[in-house]
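Trainee: I'm new to this one. Can we talk through its charged side chains together?

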Amino acid sequence: MSEPLYPQTIGQQFGRRSWAEPWKIKMVEPIRLISRPERERALQEAGYNTFLLRSEDVYIDLLTDSGTSAMSDRQWAGLMLGDEAYAGSRNFYHLQDAVRTYYGYKYVVPTHQGRGAEHLISKALIRPGDIIPGNMYFTTTRLHQELAGGTFVDVIIDEAHDPSSEHPFKGNVDLDKLETLIKKVGAEKIPYVSLAGTVNMAGGQPVSMANVRALRELCQRYDIPIYLDATRMAENAYFIQTREPGYADKSIAAILKEFCSYTDGAWMSAKKDHLVNIGGWLAVNDESVLETARNLVVVYEGLHTYGGMSGRDMEALAIGIEEAVQDDHIRARVGQVHYLGELLTDWGIPIVQPVGGHAVFLDAKRFYPHIPQNEFPAQTLAAQLYLDSGIRSMERGVVSAGRDPETGDHRYPALELVRLTIPRRVYTQAHMDVTAEAVKAVYDARKQTRGLRMVYEPKYLRFFQARFEPLNKH
Ligand SMILES: *Cc1c(COP(=O)(O)O)cnc(C)c1O
């Protein structure tokens, strides 16, 4: 598709302040900016990896939106209602009801966080040699699929790999790619399609309702189930509401439930959409899959009515599920992300367009065209941003992509990005202004910036703990 579905710019849709926060602040947590020499020392000690910085040394923390949201007064009150019984906690039933009400799946297995659920579903459904097609990989999702003996194959539309494509649904599955793959390997080799909404690694890009409906039809023909990474599906629903014809008058909750109805189950990192600091779940409709997942959860997570969470965690999560699908909440959440994106766009700074739901992604390849990918341009940019103003961001490029298990070489993804991830209900518009100005300062100094060399590399998920040194020391 070359014509965008939505003719308006983001600015026209929102106006600058139309998303003003639907909450007021009841408790504050002081933050402080340490001096430039202190930041230099902190970064050096962290091996130029923002994951290894101490939170105390960070001014505005945009590392991730995972577990960093502010809970509401209702959620905090919910913590006091924790039923800490080992088995059959009443909070589990509240959680199960909330998932059934808003996502529509029949059975719920709680887990300590998203990757716990990914582990269970991967182990339950994948046999060695299987192929798992999906709309772009996510780090922990793919790793669990690989550890279960499967091979992930990307079947996202080509536009997703092009940071300047304005396609409104860059998370869509390319149905031709998928059908070609099914014909090549055989449907019996494909335990499920791994669908994510929104697509984190593509820049928080959504999947359209039309696409998931067509995907369902295709998969039904080949008898292949669809499992959904629902981590940011509430945000995905917002993009359907604002961009897809026929959905403007439907609520986020209604859109979310319709979307899920085309899938057979989902896993969830509740640390994202659901506004809690820890938690996750797996939900399925198929009883035999439920049985396997329930057998596995007691081995890896905890009893099937707590799965690694305390009762109070499950209560806060159940309340968060309901808050996450409120239209005004989602509009303000995505609106804040878009406010930052608009400032950077206005200043000509290369970012992934259109701006996604949870983060603004800086395009490090266009930022630093003189730094080759094996000198880690995105890692470099994240380090520079911290040095400039104590803002913490995350690399999503060659370091995150890891090595090819067959050849041992770096995987060189088309997208070499730095993610400025906005926690939910935590920062104000003034923090976004400060962030935008810091990015601009780093951009203005880009020509003098040199890349990095990796000096320590862990075997799994290397981006978390890898260490680097600057290359400018000759
Ligand atoms: C965070 C995330 C996960 C993993 O969840 P955790 O709670 O961090 O274990 C899976 N999928 C997506 C899209 C995520 O963003």
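Mentor: A salt bridge here is a side-chain nitrogen of Lys or Arg within 4 Å of a carboxyl oxygen of Asp or Glu. This is a predicted model, where local features need pLDDT of at least 70 and side-chain atom pairs pLDDT 80 or more, while totals for chains, interfaces and linings use all residues. Residues are numbered from 1 along each chain as its sequence is written, and side-chain values use heavy atoms, leaving out hydrogens and water.

Trainee: How many salt bridges does the structure hold?

Mentor: Side chains of opposite charge can pair when their charged atoms come close. Counted up here, the salt bridges come to 27.

Trainee: Which residue forms a salt bridge with Arg-312?

Mentor: Look for a partner whose closest N and O atoms are 3.4 Å from each other. The pair links distant parts of the chain, 228 residues apart, with Arg-312 in helix 12 and its partner in the loop between helix 3 and helix 4 (90-103); helices are DSSP runs of H or I, at least four residues, numbered from the N terminus. That partner is Glu-84.

Trainee: Is Arg-142 buried or exposed?

Mentor: Arg-142 forms a salt bridge with Glu-146, at 3.9 Å between the closest N and O atoms. They sit four residues apart in helix 6 (residues 139-147), so about one helical turn separates them. Glu-146 is partly exposed at 29% relative accessible area (buried is under 20%, exposed over 50%, partly exposed in between, with a 1.4 Å probe and protein chains only). Arg-142, at 12%, counts as buried.

Notes: Helix = DSSP H or I, 4+ residues; strand = E, 2+ residues; numbered from the N terminus.
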